[in-house]
Amino acid sequence: MPEASLFQSFFLIFTGAAIVASLALWGRQPLLVAYIALGCLLGPSGLAVIDNVDLMAEMSSIGIIFLLFLLGLDMQPKALISVLRKATFVGLISCGIFLAMGYGIGRLFGFTDTESWVIGMAMMFSSTIIGIKLLPTTVLHHKHLGEMMVGLLLFQDFVAITCLMILLSGSTGSVDFTQLGISFAALPLLIGFAWGAVRYVLQPLLTKFDRFHEYVFLLALGWCMGLAELAEVVGLSREIGAFIAGITLATSPIAQYIAISLKPLRDFFLILFFFSLGAQFHLDMVPEIALPAVVAAIAVLAIKPVIFRYLLGQQSERKILAWDIGFRLGQISEFSLLIAFLAVSQQLIGSKASHLIQATAILTFLVSSYIVVLNFPNPIAIKDELRRD
């Protein structure tokens, strides 16, 4: 079968997504599940009608960047500093526990020492996309629950960047601590640059030309992607750059207008993200990794909520809020998939370990989405009393 053109791929993805989304809503199922299932069906391991999965996956990463940018637009800098201070203790302890858990699972199923450490790294993080996508907008903006989740996810982002840097230097047999130090030293400089650019360049331009909606949209888009790329260049990540771009712009009087304008664009790329997640998985690897993937997924789904509940309880958080956050963060992350990809490219792990991480990600994405959609307030709840936006 000839390879589908880019337009044909988009036609198949979005027309197919519209059909499966309709069926999912009719059957009262989460939409995220439908997009992943569509990827498995149309991707190379299914009907193989879409072969350019790598291109789709690269494009879909833009959705994560927009997600972090909009997240920043919805937060004030003072609130962020306060919540990061509270999240550091929980983030440090939980990452250590989940690293040990993943390492133990890897060794249990006969993976090498290095592969087990990489599996442990992948287990440390929770999904920004799942966590924020299933959080009601009103909670994200105004509630302590939203602030704590954002703080924990951002702390995990910093840890994930450290892990990625370690993996990138892994082929040499040692960690490049110099580069690691330079990257983290660049963070305050990037924040200072962003603050100055917003105050002395973007704010005057927005004030002068705010009547031109197309220009406001274009300026916000350019600022988001420009700072994201600058962060990547200095050794951080595009996601952190996008978040800084958003939070430095959050004090603008038209921040909420910008957020509303960009939401459809974010959703477009997030559909691509979940589709590519399903399409990239090789179904022929299932027999080899089925048992360890199920064990890893059960461990993540069962242990993460309990650990977060206990640690947040130690921070004097209310029991109901601690359980809520624990279940919303009870999966592994899109960063875990990036860790698996990098580790394979550096020849630190084999295909079996990589697919174990991928399978665990898909399983935990699916099951945790069901748990949240069926039990907690969210924008796509199938029960009317739980639906919030």
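Biologist: What should I know before I start?
Modeller: This is a predicted model, so local features need pLDDT of at least 70 and side-chain atom pairs count only at pLDDT 80 or more, while totals for chains, interfaces and linings use all residues. Residues are numbered from 1 along each chain as its sequence is written, and side-chain values use heavy atoms, with hydrogens and water left out.

Biologist: How many helices and strands does the protein chain have?
Modeller: There are 16 helices and zero strands. Both are DSSP runs numbered from the N terminus, helices being H or I of at least four residues and strands E of at least two.

Biologist: And how compact is the protein chain?
Modeller: The radius of gyration is 20 Å, close to the 21 Å from the globule rule for 389 residues, so the chain is as compact as a globular protein of that length. That radius is taken over C-alpha atoms, and the rule is 2.2 Å times the number of residues to the power 0.38. Along the principal axes, the C-alpha atoms fill a box of roughly 60 × 45 × 45 Å.

Biologist: What share of the residues is buried?
Modeller: Buried residues make up 53% of the 389. Buried means under 20% relative accessible area, exposed over 50%, and partly exposed in between, with a 1.4 Å probe and protein chains only.

Biologist: What share of the contacts links residues 24 or more positions apart?
Modeller: Such pairs account for 78% of the contacts with a separation of 6 or more. A contact means heavy atoms within 4.5 Å.

Biologist: Which residues is M56 in contact with?
Modeller: Leaving aside neighbours within four places in sequence, M56 touches L6, S9, F10, I13, L272 and S276. M56 and Q358 are 302 residues apart in sequence, and their C-alpha atoms are 17 Å apart.

Biologist: New topic. Where is A48?
Modeller: A48 is in the loop between α2 (31-42) and α3 (53-73). A48 is partly exposed, at 25% relative accessibility.

Biologist: What is its phi?
Modeller: A48 has a positive phi of about 60°, although it is not a glycine. Most residues other than glycine have a negative phi.

Biologist: How many salt bridges does the whole structure have?
Modeller: A search finds four. A salt bridge is a side-chain nitrogen of Lys or Arg within 4 Å of a carboxyl oxygen of Asp or Glu.

Biologist: Where does R328 come in?
Modeller: R328 forms a salt bridge with D324, at 2.5 Å from N to O. The two are four residues apart in helix α14 (residues 319-328), so about one helical turn separates them. R328 is buried at 3% relative accessibility, and D324 is buried at 11%.

Biologist: What about R266, buried or exposed?
Modeller: R266 is buried, at 14% relative accessibility. Its side chain meets that of D267 in a salt bridge of 3.0 Å, N to O. D267 is partly exposed, at 26%.
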